[in-house]
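This report describes how two protein chains meet in a structural model. Please consult the sequence and coordinates shown here while reading.

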Number of protein chains: 2
Amino acid sequence: MTACSSNFTRTSRPEVERDMAQEPQSASDDDVRVARTRRDVGRAALRVLTEAGGRSFSHAEVAAEAGYSRTTLYTHWPTKVDLVTLALESVGRMPHGEPTGDAKTDLVRELRAFRQAFVDVKLDQILMALAQWGTTVDEIAAIRDSIVEDGEGVARAILADVASGDELEAAVAMLSGVVVCPALMYGRVPSDDVIDQAVTIVLRAFGVPSEG
Amino acid sequence: MTACSSNFTRTSRPEVERDMAQEPQSASDDDVRVARTRRDVGRAALRVLTEAGGRSFSHAEVAAEAGYSRTTLYTHWPTKVDLVTLALESVGRMPHGEPTGDAKTDLVRELRAFRQAFVDVKLDQILMALAQWGTTVDEIAAIRDSIVEDGEGVARAILADVASGDELEAAVAMLSGVVVCPALMYGRVPSDDVIDQAVTIVLRAFGVPSEG
């Protein structure tokens, strides 16, 4: 749940830790060009991933979408996994404030950030593409898992104060579900009121006082 | 939630109300052949839908998968929507027992049937394909909505005794979520224990006594 509400651009390769959306201040022409290529290809890769889904994702499709040659893409991002990783970098970090310590406030904020990612970066399409693709490609499954585990962290930590084991798994999945299910099943995101009610239901079940 | 746990082959066209999996008992050769064609094409259409996703779904793909000519397909199922409808018919009805009247028992049974559909007919892949496709094609969105509304019915009716409005929406989405989210986010279905805990959490929040 709240997948991506923190950072779903995590990668193990140090060179991609830079924020590619910002070109270097005092860069050589080469640096500027490289940064622009990364940004253009990353955005194109994200569009292909969210619009065509995982199984249509290819160097040829991304190259055509980005307006670069396939040779350029293969040189910098030899595998599809490299291109997907780049696509997810181009999404950037989700807003992720400091916890207030009030469970209801913090859970509602997490779920709203999660919902916002569905609107802003088509997170539902990203998750679906990774989920479908991840069933057959282990490296894609690993990317998906790191996104989800990273994003679930805050809500899981809050709920871990009152639940554990299967009960915790159920509570985490249910709170994700209040955002994911309307998107998947009806093509819409839930209202603020539905999110509030979901958090209230879960906290009430665990006897946690929640204001409002 | 529990989408499809009842019947997700609903269609408005009377001729498809027949169970195409059973060939007529005293059929002419023509009837037998037509039934076989429907069954073969339906199964092929389902495979293409769940494996390739909504956007790769075409008469050409389904014809190749089924081993029939495109002309045959276009004659009987002129539009892609016709082919998707046929694909969903080939899934058949989900097991759907009589309610016992015990909320926990009935909700757990619904969620287990929902989970089983993820395993048996790749319901997650079906929903994802329809969700992605439904964002751009209204008729596909309508098929998806009728599947979901139909499938949610039992759980929604049970929860409507204790909740309404946004609270009911939240509860229904959360119970679906306990099956959907692990599938979408981790590529696995939840255990019996996680399903039990989810139902217990929701019922406890509403003060409904639940055994076990």
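How many salt bridges are counted between chain A and chain B? In this predicted model, the count is two.

**Extent of the interface**

Chain A brings 50 residues to the contact, and chain B brings 49 residues. About 3,900 Å² is buried between the two chains, with carbon and sulfur atoms giving 64% of that area. On the side of chain A, the most area is lost to chain B by M174(A), M185(A) and Y186(A), which together account for 19% of what that side buries.

**Polar and charged pairs**

One of the two salt bridges joins E167(A) to R204(B), with the closest N and O atoms 3.4 Å apart.

**Elements and composition on chain A**

Five helices of chain A, namely α1 (29–52), α6 (123–134), α7 (138–159), α8 (165–186) and α9 (192–205), each supply at least two residues of the side that touches chain B. Of these, α8(A) gives the most, with 17 residues. By residue class, the side of chain A that touches chain B comprises 27 nonpolar, 11 polar and 12 charged residues.

**Annotated region**

An unreviewed UniProt entry annotates residues 58–77 of chain A as "DNA-binding region". Over residues 58–77 of chain A, the model is 75% helix and 0% strand. The C-alpha atoms at the ends of this segment lie 11 Å apart.

Key
Residues numbered from 1 in each chain as written. Chains lettered and ligands numbered in written order. Predicted model: local features only at pLDDT ≥ 70, side-chain atom pairs only at ≥ 80, totals over all residues. Heavy atoms only, no water. Contact = heavy atoms within 4.5 Å. Buried area = accessible area lost by both parts, 1.4 Å probe. Salt bridge = Lys/Arg side-chain N within 4 Å of Asp/Glu carboxyl O. Helix = DSSP H or I, 4+ residues; strand = E, 2+ residues; numbered from the N terminus. Nonpolar A, V, L, I, M, F, W, Y, C, P; charged D, E, K, R; others polar. UniProt positions renumbered as here; feature names shortened; annotations may be inferred.
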